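Here is a short report for a first look at this structure. Keep the sequence and the model in view as you read.

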Amino acid sequence: MAVYTEINEVDLKDFLKAYDAGELMSFKGITEGVENSNFLLHTDREALILTLYEKRVDEGDLPFYLGLMEHLAEQGLSCPLPLPRHDGALYGLLCGRPAALISFLEGMWLRKSEAKHCREVGVAMAKMHLAGQDFAIRRENALSLKGWVDLWDKSAARADEVEAGLEDEITNELAYLEDHWPVDLPEGVIHADLFPDNVFFIGDELSGLIDFYFACNDFFAYDLAICLNAWCFEKDGAFNVTKARALIEGYQSVRSLSAAEVEALPLLARGSALRFFLTRLYDWLMTPEGAMVVKKDPLEYLRYLRFHRSVKSASEYGLVKA
Ligand SMILES: Nc1ncnc2c1ncn2[C@@H]1O[C@H](COP(=O)(O)OP(=O)(O)O)[C@@H](O)[C@H]1O
Ligand SMILES: N[C@@H](CCOP(=O)(O)O)C(=O)O
């Protein structure tokens, strides 16, 4: 469960005075999510999501995240819309945390996805990449190479507690990725966390994308690589090439990948697997027992990383030409 900051009715009502959101009828904490505290609110007018931004969200980045949602929604992408306060600001302070109200998006995330859903995800991601192209604010990816090194510096000494030999394996992996990471692929605004729990469906139809709090400027193909990991492995750890093909075909039905992007995919998938392994490992080692959050298994991403290390070319992801 992710409610790090408890709120009370008195403070919440006070916070809502800055908005034209109607009268508070009810609120409750949302048990899903990892990063921030989320609440579902009902006013006499509408359902809203209240987010209190926690440890990994820098307040200085909020104009980027909230402005991006506004921008993408204006471009026709289905995503939550932040509510402006009376003074025009897109967030305020609640219980000592920066907090925003965003519109409630209908739909549910898929507990069990199929190739046809992966195709929809590819389509939506490519649309997002195009829609973000003229967004005015830039945000570097804090969880790319330098961020990985910083995380690893904090976890390396204890990594072998999780699996023997990890310290050496990941140190070597990081060194390899630092030497080989691409420098000149097409880039723009990426979601950077488009996992199944951040994509809503109504039936088989994708109804929208949520959780833009890792969005940043980086390679478009890196976003696709994140989805190869998040959507295309089965519970038993097997890579599902049919899903991968559907994801990439969906993406390319909107935005074609260049030859350089295709060639870089296995490496980008390795980097993406390492990125989620490292944040999960850090949380695994550092989150105190009894904290109100479900810790995610870092070893799942270690297995993905090892898989991509064995991939020789993007044709193994179902691409016909590589
Ligand atoms: N705009 C929204 N509309 C409907 N539900 C939402 C919305 N934003 C968040 N949620 C709900 O809150 C949960 C956690 O949100 P998320 O942004 O993924 O949190 P975190 O950033 O903490 O991981 C989602 O799985 C969903 O159930
Ligand atoms: N997707 C990340 C964790 C971030 O969680 P989210 O709830 O913000 O999507 C992971 O799986 O490690």
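## An exposed loop residue

Ala 157 counts as exposed because it has 10 C-beta neighbours inside 10 Å. The cut-offs are 20 or more other C-beta atoms within 10 Å for buried, 12 or fewer for exposed, and partly exposed in between, with C-beta atoms placed from the backbone. Ala 157 sits in the loop between helix H4 (145–155) and helix H5 (166–180). Helices (H or I, at least four residues) and strands (E, at least two) are DSSP runs, numbered from the N terminus. From Ala 157 to Glu 106 is 51 residues in sequence and 44 Å in space, C-alpha to C-alpha.

## Basis of the model

This is a predicted model: local features need pLDDT of at least 70, side-chain atom pairs count only at pLDDT 80 or more, and totals for chains, interfaces and linings use all residues. Residues are numbered from 1 along each chain as its sequence is written, while chains are lettered from A and ligands numbered from 1 in the order in which they are written.

## Two domains

The domain assignment gives domain 1 (9–103) and domain 2 (109–317); such bounds come from an automatic or database assignment. Their C-alpha centres are 26 Å apart. In domain 1, 19 residues are in contact with 18 residues of domain 2 (C-beta atoms, placed from the backbone, within 7 Å). That side of domain 1 has 11 nonpolar, five polar and three charged residues. Here Ala, Val, Leu, Ile, Met, Phe, Trp, Tyr, Cys and Pro count as nonpolar, Asp, Glu, Lys and Arg as charged, and the others, Gly among them, as polar.

## Helix H3

Helix H3 covers residues 115–131. At 1.5 Å a residue, its 17 residues should span 24 Å, and its end C-alpha atoms are 24 Å apart, which agrees. The expected span is 1.5 Å times one less than the number of residues. Buried residues of H3 include His 117, Arg 119, Met 125 and His 129. The buried residues of H3 pack against several elements, among them helix H2 (62–74), strand E7 (187–190) and helix H7 (241–252).

## Two ligand shells

Around ligand 1 there are 18 residues, the closest being Glu 32, Gly 33, Pro 80, Leu 105 and Asp 211. A shell residue has its C-beta atom, placed from the backbone, within 6 Å of the molecule. The ligand 1 shell holds 10 nonpolar, four polar and four charged residues.

The residues around ligand 2 include Gly 33, Asp 193, Asp 211 and Lys 296. The ligand 2 shell divides into three nonpolar, three polar and six charged residues. It draws at least three residues from each of domain 1 and domain 2.

Note on methods. Contact = placed C-beta atoms within 7 Å.
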